[in-house]
Amino acid sequence: MPTHGSYYVPERSVWPILGAVGLFGLGYGSINLLHSHIVGPLVFISGAVLIALTMFGWFHAVIKESRAGLYDAQMDRSFRWGMFWFIFSEIMFFGVFFGALFYARELSVPWLGGAGSGELTHLLIWPDFKAAWPLLANPDPQAFVAPQKTLYTWGIPAMNTLILLSSGVTITLAHWALKRNERNKLIIFLGLTIVLGLVFLSCQAYEYYLAHYKYGLNIATGIYGSTFFMLTGFHAAHVIIGAIMLFIIWLRCVKGHFTPEHHFGFEASAWYWHFVDAIWLLLFTFVYWL
Amino acid sequence: MSEIAEHTGTRKKGFFAWIARWLFTTNHKEIGTLYLVLSGIMLLVGGSMAMLIRAELFIPGLQLVQPDFFNQMTTMHGLIMVFGVVMPAFVGLANWMIPMMIGAPDMALPRLNNWSFWILPFAFTILSSTLFLEGPAPNFGWTMYAPLSTTFGPASTDYLIFSVHLMGISSIMGAINVIATILNLRAPGMKMMRLPIFVWSWLITAFLLIAVMPVLAGAVTMMLMDRHFGTSFFNAAGGGDPLLFQHIFWFFGHPEVYIMILPAFGIISEILPTFSRKPIFGYKFMVYAIACIAFLSFIVWAHHMFVSGIPMAAELFFMYATMLIAVPTGVKVFNWVSTMFKGSLTFETPMLFAIAFVILFTIGGFTGLMLAIVPADYQYHDTYFVVGHFHYVLVPGALFSIFAAIYYWLPKWTGRMYNERLGKWHFWLSAISVNITFFPMHFLGLTGMPRRIPDYALQFTDFNMIASIGAFIFGLTQLLFLYNVVRTMFSRRTDNLPDNVWEGAHGLEWTLPTPAPAHTFALPPEVK
């Protein structure tokens, strides 16, 4: 078998179409949930179950093919490009919300406060409004009740930064262990990474609790709350996804999958974890700190 | 090899086997066909809406539809033509042609390819269903500006939002596949600077898709949050700004319009050399020009917002940046003309459409330059001049290139030649009627007729009548195309066409047997 003719083209597969139906269920279910329609929860849950089933079945097939040795180095590169560009699309997605944050901080809030060309806007619409960040008084206080307080940077957020950064170290240690075929170390460090991720999520949950119940800060308290919760919320969602990915990889490690040479599943999850880590650094800098 | 051999062999017969084949397929040609069929169906749907719009505008006053329904028609026409016709058609062509052109066995990630496609019919089901639900369908234009889509958006806006999310997932996954295929599955010797320009154009288009579809997803997500969860991204009362929506939308929107034209550039750059029997003039510069246009597309978005109230310094920057695009685009147009210069030209249908593309797209490009001038845009903004402009780049631009591509490659796909006489009829009727339809719109706009209205002042009647008559001719003409393609696809005759269907064609796709076998290159060819 010549090396270049060995690119594996899979058989017909039932999983993509199931995944498409599942996505339809998630989307259509969400719409009906929002409209309080009776079919909402049912369609949504069916969609979610289908998606879970699809992922299980699809990944199962890929893992089986991989372990059967059907994938050559070229296939490995396809997967790498795929994951790389997927993460790039995620970066662009976070970019939009960072863009909204910068726009609010640098342009719309100052304009509403009368800066630059916003002078007339300020005088004619909300003359009492004073531009500030964090925004503790909204332009129209009746429409959007402002938060009393925002989170203290050097408390939980700083600790979370440390936690997530250490998880970046532990996953690298796990990767080194995998490359040296030290399976016990691999399982311990990978497990530790997941635990750190979960600790991070718990701290984040506690912080949300504080924000909601102690500081009056929620998503509907004006642009500060909107950007804060959308950014940290999407980040937390990505940490959850990353942790699930790592957990699956951990299970596979325990089962004895992966070799020091072939472990793209591990690397893809590690890339994703580093990506989530990097986004957090930006979040910490621009949402919590500056 | 055994895996490949296995499923090229016997096919089970019967209805369920047929359904299963299309639902579960991992073959780039079958998926390409699915994309093209979807695009054709959506062209009929979006085209019918255009016919209804032109019928209403035939004379002043309200005849056929109420203003709210008219707004729904313009909105849905735009969304369907952009996301349901032009984009899927180009993805379909990419699926069919890229593996054949670079010497690959298939797309890099065939199952993902199937997923990318099958998300789309569901997305358009969700979107189209709004027409049949209680309450109006989305009625704020395809640009979905806040607060029309947030505070004042009908309930159906949520359908639009989730439908856009699905389209985004589909486009991103499709684009990832295209990039992985081009970067990783080229035959030995197929260096980057030897890639056919169609492949180059798609590599860059795919990059644009991955960069901006998430931005659109973010925009509609913020819309959703503003509508249901009390955020104030687009609401100044909470410190946000409706203008922010326009910024985000057009940061997506401007690269998006190049997503709809770069593959067209690629197609034209394949067809002109074939029928001129000369290699493309200035290959390298054609590639650099595409890359340059793609880069500029990220820094020109606010030229859509000159009258929205942005600082003067920003308007000037965006004006000059926009005018810069004329440079690489000019390079392309001159190179196409130089390709034809002193060539042995023949005028088969694909070539006719390609030449019409060069001329008519250039008109659309020039009106774009006019619109880029800030003080002039104060006058033209939101008039029929804009409608004329973007229909020139999208209909005799993108759509003509798709027609050209289908005529050009259909013999390779089916093994049968389309009816050349019918093709010529299709071309001439289309080329004449497209100008009758859209050229008067420039005059209407210059004299001040606003876009997106169902009724107009009496002095606009003549040009509107002419435009409507042109539109009906154009619409009916497309049935000729449909008939020609369907007849070629399902005919039982065999034409015994040579591998190289067109005598002047070069490229790996013409080294394959005609019709192209189910799997392209099991063993990659050596490119010398």
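This is a predicted model: local features need pLDDT of at least 70, side-chain atom pairs count only at pLDDT 80 or more; totals for chains, interfaces and linings use all residues.
As for its setting, A:Pro134 falls in the loop that links helix H4 (119–124) and helix H5 (156–179) of chain A.

Another backbone detail turns up at B:Lys342. Phi of B:Lys342 is near 60°, which is a positive value in a residue other than glycine. B:Lys342 belongs to the loop between helix H12 (326–340) and helix H13 (349–372) of chain B.

Next comes a pair of helices within chain B. Helix H3 (residues 28–56) and helix H5 (residues 110–129) of chain B have axes that come within 10 Å and cross at roughly 15°. Angles under 35 degrees count as roughly parallel, so H3(B) and H5(B) are roughly parallel to each other. Their crossing is left-handed. On the H3(B) side, the contact is made by B:His28, B:Ile31, B:Leu34, B:Tyr35, B:Leu38 and B:Met42. H5(B) brings B:Pro110, B:Asn113, B:Asn114, B:Ser116, B:Phe117, B:Trp118, B:Leu120 and B:Phe124 to the contact.

The size of an interface is often given as the accessible area lost when the parts come together. Here, the area buried between chain A and chain B is about 6100 Å², and carbon and sulfur atoms give 75% of that area. On the chain A side, A:Val9, A:Arg12 and A:Trp85 lose the most area to chain B, together making up 12% of what that side buries. Counted by residue, 67 residues of chain A are in contact with 75 residues of chain B.

What about salt bridges across the interface? The rule finds 1 salt bridge between chain A and chain B. B:Arg111 forms a salt bridge with A:Glu65, and the closest N and O atoms of this pair are 2.9 Å apart.

Definitions and conventions
Residues are numbered from 1 along each chain as its sequence is written. Chains are lettered from A and ligands numbered from 1 in the order in which they are written. Side-chain values use heavy atoms; hydrogens and water are left out. Axes are lines fitted to C-alpha atoms, for helices over the stretch in contact, and angles run from 0 to 180 degrees between N-to-C directions. Helices (H or I, at least four residues) and strands (E, at least two) are DSSP runs, numbered from the N terminus. Angles under 35 degrees count as roughly parallel, over 145 as roughly antiparallel, 65 to 115 as roughly perpendicular and the rest as oblique. A crossing is left-handed if the near helix is turned anticlockwise from the far one by less than a right angle, and right-handed if clockwise. Contact means heavy atoms within 4.5 Å. Buried area is the accessible area (1.4 Å probe) that two parts lose on being put together, summed over both. A salt bridge is a side-chain nitrogen of Lys or Arg within 4 Å of a carboxyl oxygen of Asp or Glu.
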